[in-house]
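Keep the sequence and the coordinates side by side.

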Amino acid sequence: MTPESLDAAMRRAITEAEAARAAGEIPIGAVVVDPSGEVIAVAHNTREQSGDPTAHAEVLALRAAAAALGRWRLDDCTLVVTLEPCPMCAGATTMARVGRLVFGAWNDEYGAAGSRWDLVRDRRLNHQVEVISGVLAEECGAMVREFLAVQRGSDAKEVS
């Protein structure tokens, strides 16, 4: 993917994050892109709406991509997400055999793609994911920081 196509995919993920925020969810959005650069799945957090603790943007986008492609192996796909995935989402990314993970802001509290943990590149697992971080990082991080500051009444330092 070119820098321009990474930015375009992240902009689509940001649109999903904004939809999450409008629904009272933590503003995280994700898209799955096929090898030609076409977006094949989009999702945002829906934990509060669905009451499902696994309804993170990444998991929902991976499910939608697998359904769209008719297969669970997404090795030729790129997952683009506004915030570094948590351990659950990093595990799902690895188990789906995603070829590349692109994210915006680092998640200092729960990040599992290089900050706190690095599950997606752990050599003990049978698949490692290429990681590109920092795409539109300030914009992605600001959305989460602002949301959490209101929700928690703090400055939400765990997102950088």
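Start with the open sheet. Its 5 strands are ordered β2-β1-β3-β4-β5, and the pairing is mixed. Here helices (H or I, at least four residues) and strands (E, at least two) are DSSP runs numbered from the N terminus. Two strands pair if DSSP finds at least two bridges between them. The edges belong to β2 (39–44) and β5 (130–133); each has a single partner strand, so one side of each lacks a neighbour in the sheet. From one strand to the next, the twist averages 15°. Axes are lines fitted to C-alpha atoms, for helices over the stretch in contact, and angles run from 0 to 180 degrees between N-to-C directions.

This is a predicted model: local features need pLDDT of at least 70, side-chain atom pairs count only at pLDDT 80 or more, and totals for chains, interfaces and linings use all residues. Residues are numbered from 1 along each chain as its sequence is written, and side-chain values use heavy atoms, with hydrogens and water left out.

Now look at the pairings. Strands of a sheet pair through backbone hydrogen bonds, either parallel or antiparallel. β1 (residues 29–33) and β3 (residues 78–83) are antiparallel, with 4 bridges. Val32 has Leu79 of β3 as its bridge partner. β3 and β4 run parallel and are joined by 5 bridges. In that pair, Thr78 stands opposite Arg100 in β4.

How many residues of β4 are buried? The count is 6 of the 6, so β4 is largely enclosed by the rest of the structure. Buried means under 20% relative accessible area, exposed over 50%, and partly exposed in between (1.4 Å probe, protein chains only).

Helix α5 (residues 137–152) touches β3 and β4 (100–105), and its direction makes about 65° with that of β4. Contact means heavy atoms within 4.5 Å.

Turn next to a pair of helices. α3 (residues 57–69) and α4 (residues 87–95) pack at about 20°, their axes 9 Å apart. That makes the two helices roughly parallel, a label for angles under 35 degrees; over 145 counts as roughly antiparallel, 65 to 115 as roughly perpendicular, and the rest as oblique. From α3, the contact uses Glu58, Val59 and Leu62; from α4, it uses Met88, Cys89, Ala92 and Thr93. By class, this contact has 5 nonpolar, 1 polar and 1 charged residues. Ala, Val, Leu, Ile, Met, Phe, Trp, Tyr, Cys and Pro count as nonpolar, Asp, Glu, Lys and Arg as charged, and the others, Gly among them, as polar.

Finish with the loops. Thr46 sits between β2 and α2 (47–50). Thr46 is buried, at a relative accessible area of 17%. Beyond four places in sequence, Thr46 touches Glu25, Gly51, Ala55 and Leu60.

The loop between α4 and β4 holds Ala96. Ala96 is buried too, at 9% relative accessible area. Leaving aside neighbours within four places in sequence, Ala96 contacts Leu62, Trp72, Arg73, Leu74 and Asp75. Ala96 and Val32 are 64 residues apart in sequence, yet 12 Å apart in space, C-alpha to C-alpha.

Check the backbone angles last. Most residues other than glycine have a negative phi. Arg97, in the loop between α4 and β4, has a positive phi of about 60° although it is not a glycine. Leu136, in the loop between β5 and α5, has a positive phi near 50°.
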